[in-house]
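Dear colleague,

Please find below the sequence and structure that I am handing over to you.

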Amino acid sequence: MDTLLAHVRVSPGNQPPPQLPRLEPMEFSGIPDLQQQLYQVLFDACSQDPVRMMPASRRLPELEKEKGAFYAIYQIAAEKSVSTSVREMAMIRLKNEMISHWRSNVLLTNEQREACRQLAMTFMDEPVDSIFYLNVIVLTRIARGDYPMKWPHLIRDLSQLISNSANARISSGITDPVNTLVLRRSLRALHAIVKEFCTTRLPNQINAMAELADTLFQPFMDLWSQYSSYFREELHLANLGNPLLAYDLEIAHVAFKSYSKILLWRWQHPAEDEGWGSKLHEGLHLCSEQFQVVCHIRMQTLSSLTEINPPILSGINNTACNDAAIAHTLTLLARHVMVFGKIFRRLCQLNRDNFVFHPSIPHLITFYWNLVTDAAQLPTVIDSQFALYPIRLVIQALFLFREFMKDWSLLAKRKKVENLQELLASPDAHISTELREILGSAHVLRSIDLIISRLIPLRSEDLQKWESEPEEWFVAQEGESEQWEYELRGSAERVLMIFVSNFTDVAKPELLGLYQQVVGNHETNLQTNLHKEAVYCAVNRAVHQLKGSLNYDEMIGSHFAADIQMTDPVYSVVKRAIASIIGKWVHEEAMPGPTPVVWQILLQLLQDQSASIIVRLTAADAIRQCTDTLGYNKELFSPYLRNVLAGLVNLFNDCENMESKRCATKALAIVIESADDLIMNYAKDLCDTIPSMWAKADEQQNSLLKADLITIATKLVGATKTNSIFLWPIVIPLVKMGFQAEVALQLDDDALDLWVHAVRWTTSLSNAQGSSPNLMELLPLLLDLLRNNTDVLGRVLEVLDGYFLVDGYFLVDGYFLVDAPRILQANATGVIEGFDIVSKMAPVSNVKQMMASAQIMIRMSPPEVWAGPLHTTGFFWNILEDFLASKVEAKSIIIHQYLFFFARLALTNTKAFEMLIEASANEHSLSLEQLYNDVLHQWWEKFDSVSEPNNRKLLAMGIACLVATGQPVVLSRLTGDIFDIWLSVLGELEEAWKNDELDMQHPLYMTEDSKEWACVTVPDSCKGTLEQGRRDQLNAADPVTTQRLGPFIKEQLDLAAHACPGGPSEFQSQYISNANPLVTKQLYKYLGIIG
């Protein structure tokens, strides 16, 4: 600090010319010449000679790994006698490398870090802007981590520099350039620190920011006020080129930015201290007041400049300044005015209610709106620092006015009135006189006319971009981003919508009158057409207010039909507006569903080669909206389908911008989906176009466009349904390409969607000839995804289910003849290994889905193909072990799924279940009897926590099948746990029967169409497809659905009696006779054994 203050007294202009110094060796680097080596390498790295530059660029990162290297580089950067290029290179290395290694004790000692902090403070009199701003970045990053614990005096030191320099100005009454430089630099550095801490999220950093706010809020406000008074006193025509005026203006500007940063932070993070509430209230009032003062001063200054001879301002609309010093001052003044608008905008975004209802805001909004009305009187609103009303200032005014009006509209609804117009009429509405004036009926009419005639029409800049970059213009206009907030036309449109929605009684007749004035005018004059387009745009924005007020047949069939016949290119702006109106009004159901006339107009616009491509793109988007609406009638659309498809494909080929190509592909996908079976005749031709479209997307590496093309193929599959097998030549490659390494992250969901659709609509996994390509070719990819990709596991299991279910029909022996055996014969081990990985690694929801897939697998194929792999892969033992352990409570859902799988396995093939249990016992050296006991104990333990009636019945039937084996270990639990399970479910079924008036004749039996008894779920996404039929068929063949539980249990008990060692008599005496007579009587009653 002392060194810096000493430097302040010496003018930079008196320094000796830079020389290559011999720097002193560093004390604690360990390498005496490290600093000199670094200096030489940095000097060579700045050379224009490649022979010196290339070796230096390789050597520099190596030297930076030495301890103390960064401190040495900082010393070089801080030495003002070193050449600027070397110092800049040194600062760049510090910014890029030292910050990321700041905590490393290998590269920096604590002493060196402290020395670096001190060096960062020596740049406050730095004459070179680029070096200073690089140092500011380094300083703020260090401060973020070190302040206040390791750098406690940072803010105090910077504040002292600012205070000393500012006091020198006050005491002397003159501005010393050196003191001014230190003040500017110190203030910029402190502003950067405040800005950095405003973005922090960690608790200790938030506390540090709160301390900064308490410490700096008032000093920043005082400095801003002080220097604002200085530059206002100095701001007169004769003094505009004075650099000291510019310095004072810059200091006031930076001080205000710092002050406003704290104001915004406290606005977002309210303090418990009540004093801050009044500070914020007064701060917003002061900002509002000062903005209006500075804005007036700026406009008066610019107005005076236009009267000077010779003129200072020149060019079209005074967009150039002939004096560089004056231009600099005017630029600073414009920035200072603009920053107020940014602050107001941000305050409004953070807390709109508090902002809008602040007492000073109505006057501020009135001032802003007057700026808009005054700007609109000029020939054009331009984007220039020297314009009286810069376009950015007008946009800020429109945004704030819209937000203000929007909040008052919400207030009207809270007051239970329809809109702001009724609120104004309310006697108890506390609305200022100024606000009532700008919201009066006459003023609203003038405002609407002003917006439509002056602000919405396309400007010369828009027309230039329309001609030079039409596709970019379309994408910017039609995009769904918030970019409109920064554009004049978009902002004006939103303000118009606020006026129309709140003052419908006033605005509606005005809009209808303007529409009637322009609708019959077919002149090719540019200004006439720009006005007509603006009126059409206003009508489009007021869709809900004008609904039912226009004669749609006349508007579409007469006026629009006549407009689109115009071939003059000037008329393109009107044609685009027509397409936009039709699309939006039909989609919003403001007019009847699309009629043949609508399709004729949109088709003509889509094919119109005389108009700008913007017209065709807008027509494509309108077609998308018209087909995606409730009023859409595919029979009315069918005569135009062929030409619409061709027009969209041609549009895709004619576009160069990838985003505009996407407009065509998105429309194409919706048209295909809505055309449904009508697309059949054109499906092959559309498929043939996809490869060329994909190639164009590949050239630009545009994943979004590729996703659209996959979606088109998906829609084609859905539209062609059972005939989609003929689309496999494009479907199979698209699925494969969707999982290529470089694009899989972006396309895997879309590729899986296509795959799922293809499986759900196919009748076979390969065609009759078994030719390529076919769905069987995708099996290796499916297995790889099952094992290795948990991100899309849910969809992968849907595909796998589809593969299991394809081609199923019921056979006498109880199995389905399907492709599943063919899949599993070659891939059973891979599938079940995948299941095993899923059971260990995947989330609970995926494990549940996987176990449902495993049930489908064992139901759809004979045990010969899956029983062996269940054992050899370890899958059966792993889930059995988890089931018996039941260690984690959070896994209860999974444990239930394992239990359901065991029950299904026992019900489907009891012998396979026995063999798997026996093999598990042998492999793990367990007692078979003990393993059965453990399984049955868990079966009983988990039964009571199962709530779904279908699964409870499944468990009852599964354990009945185990009873039928006659194994003593099972029969020993018959009259206890097993009877309890049966009685519980049978009692529930009886209760269900008593409440089921539709099924009075079938006690203990559920109807097949009862959804709660379907063990195989039917996802909403597969409804209406062939797979739904296959799932329904599987449910219809499920014993849980089709068989009455009572007779089923009786049958299994009969089998158990004969399988029991010793026969039925032994079964009766050993396992039945010792049961509770009441329990046995109730069970026998349910089973129909007794009356």
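Lys279 lies over the face of Trp276, 4.7 Å from the ring centre. A charge is counted as over a ring if NZ of Lys or CZ of Arg is within 6 Å of the ring centre and within 35 degrees of the ring normal. Lys661 is likewise placed over the face of Phe652, at 4.3 Å from the ring centre.

Please note that this is a predicted model, in which local features need pLDDT of at least 70 and side-chain atom pairs count only at pLDDT 80 or more, while totals for chains, interfaces and linings use all residues. Residues are numbered from 1 along each chain as its sequence is written, and side-chain values use heavy atoms, with hydrogens and water left out.

Trp276 also belongs to an aromatic cluster, together with Phe217, Trp224, Phe256, Tyr259, Phe291, Phe340, Phe344, Phe355, Phe367 and Tyr368. Across the whole structure, the search finds 40 aromatic pairs; rings of Phe, Tyr and Trp (its six-membered ring) pair if their centres lie within 6.5 Å, and planes under 30 degrees apart count as stacked, over 60 as edge-to-face and the rest as tilted. Phe291 and Tyr368 form a stacked pair, with 4.8 Å centre to centre and 25° between the planes. This pair links distant parts of the chain, 77 residues apart: Phe291 is in helix α12 (residues 274-305) and Tyr368 in helix α15 (residues 361-376). Helices (H or I, at least four residues) and strands (E, at least two) are DSSP runs, numbered from the N terminus. Both Phe291 and Tyr368 are buried, that is, under 20% relative accessible area with a 1.4 Å probe and protein chains only; exposed means over 50%, and partly exposed lies in between.

An edge-to-face pair is formed by Phe876 and Phe902, at 5.6 Å centre to centre and 65° between the planes. Phe876 lies in helix α41 (residues 875-885) and Phe902 in helix α42 (residues 892-908), so the pair ties together parts 26 residues apart in sequence. Phe876 and Phe902 are both buried.

In helix α51 (residues 1063-1072), the buried residues are Gly1063, Phe1067, Tyr1071 and Ile1072. They line one face of the helix, because they fall within an arc of 125° when seen down its axis; the arc is that of the directions from the helix axis to the C-beta atoms.

As to the chain overall, it has 52 helices and two strands. Buried residues make up 55% of its 1091 residues.

With kind regards
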